[in-house]
Amino acid sequence: MLNIELTRFKVKKGKSKVVDEWLSFLNDNMNETLLTLEAEKMYVETIFREVLNGDEYLYWYSVQGVGGQEVEDSESFIDKKHLEYWEECIDKKFKAVDLKTEVVMIPNQIRKHMN
């Protein structure tokens, strides 16, 4: 069973430079970041960024197996820093929007490795 999501989160006003820092942190520490995904059973995680009508949004696309560790339970410095950035940058007054999954195209030879 796979959980496939695409969710939109609004960035707090004035936090674009911190978002730049956040995304650079993840990219600059990619090897360590990828290690955190294993415990979460996160097979794919991608962050998109958009400015629309003057508001900034981050979109999380993920393909995750069931029973993985929650990021909040991680002891990794990557996850702890990631959650600090989250708290500073994500506008909790804006309800996150989960886009509806309509079609999933994952070839069987790849899907069989996603347990």
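Which residues have the most contacts inside the largest nonpolar core? Select Val19, Trp22, Leu58, Trp60, Trp86 and Ile90 to see them. This core has 15 residues in total. Keep in mind that the model is predicted.

**Stop 1: the largest core**

Colour three elements next. Helix H1 (16-28), strand S3 (55-65) and helix H3 (77-89) each give two or more residues to this core. H1 provides the largest share, 6 residues.

Now centre on Trp22. What does Trp22 touch, leaving out residues up to four places away in sequence? Its contacts are Leu58, Trp60, His82, Tyr85, Trp86, Cys89 and Ile90.

**Stop 2**

Switch to a cartoon view. Four strands form an open sheet in the order S2-S3-S1-S4, and the pairing is antiparallel. Strand S2 (42-52) and strand S4 (97-98) stand at the edges. Each has a single partner strand, so one side of each is left without a neighbour in the sheet.

Walk across the strands pair by pair:

- S2 and S3 run antiparallel, joined by 10 bridges.
- S1 and S3 are antiparallel too, with 9 bridges.
- S1 (residues 2-10) pairs with S4 in the antiparallel sense over 2 bridges.

Select Arg8 next. Which residue stands opposite Arg8 in S3? It is Tyr59. In S4, the residue opposite Arg8 is Val97.

Move over to the S2-S3 pair. Glu50 stands opposite Tyr57 in S3. Glu45 has Ser62 as its bridge partner in S3. Then follow the hairpin of S2 and S3 to its turn, where 2 residues lie between the strands. Pick Asn53 there: its phi is positive, near 50 degrees.

**Stop 3**

Zoom in on Ser62, which is found in strand S3. Is Ser62 buried or exposed? Ser62 counts as buried because its relative accessibility is 7%, and the cut-off for buried is under 20%. Show the residues around it. Ser62 touches Asn3, Ile4, Glu5, Met42, Val44 and Glu45, not counting residues up to four places away in sequence.

**Stop 2: helix H1 over the sheet**

Bring H1 back into view. H1 lies across S2 and S3. It runs at about 155 degrees to S2.

Pick Leu23, which sits in helix H1. Leu23 counts as buried because its relative accessibility is 17%, again under the 20% limit. Beyond residues up to four places away in sequence, Leu23 touches Ile47 and Arg49. For a sense of scale, draw a distance from Leu23 to Met105. Their C-alpha atoms are separated by 27 Å, and they are 82 residues apart along the chain.

**Stop 3: helix H2 and Asn31**

Go to helix H2 (residues 30-39) and select Asn31, which lies in it. Is Asn31 buried or exposed? Asn31 is exposed because its relative accessible area is 62%, and exposed means over 50%.

**Stop 4: the largest pocket**

Turn on a surface. How much space lies in the largest pocket? The value is about 820 Å³. The pocket is lined by 33 residues. Select Glu40, Met42, Glu45, Trp60 and His82, the closest of them to its centre.

Trp60 is one of the residues with the most contacts inside the largest core. His82 and Trp60 both touch Trp22. Met42 and Glu45 both touch Ser62.

Finish by colouring the lining by element. Which elements each supply at least two residues of it? They are S1, H1, H2, S2, S3 and H3.

Technical notes:
Residues numbered from 1 in each chain as written. Predicted model: local features only at pLDDT ≥ 70, side-chain atom pairs only at ≥ 80, totals over all residues. Heavy atoms only, no water. Core = buried A, V, L, I, M, F, W, Y, C linked by side-chain atoms within 4.5 Å. Buried < 20%, exposed > 50% of the residue type's maximum accessible area, 1.4 Å probe, protein only. Contact = heavy atoms within 4.5 Å. Pairing = 2+ DSSP bridges. Axes fitted to C-alpha atoms, helices over the stretch in contact; angles between N-to-C directions. 1 Å grid on protein atoms, 1.4 Å probe; cavity = no way out; pocket = protein on both sides within 12 Å on 5 of 7 lines; lining within 4 Å. Points joined across faces, edges and corners; volume = space filled by probe spheres on them.
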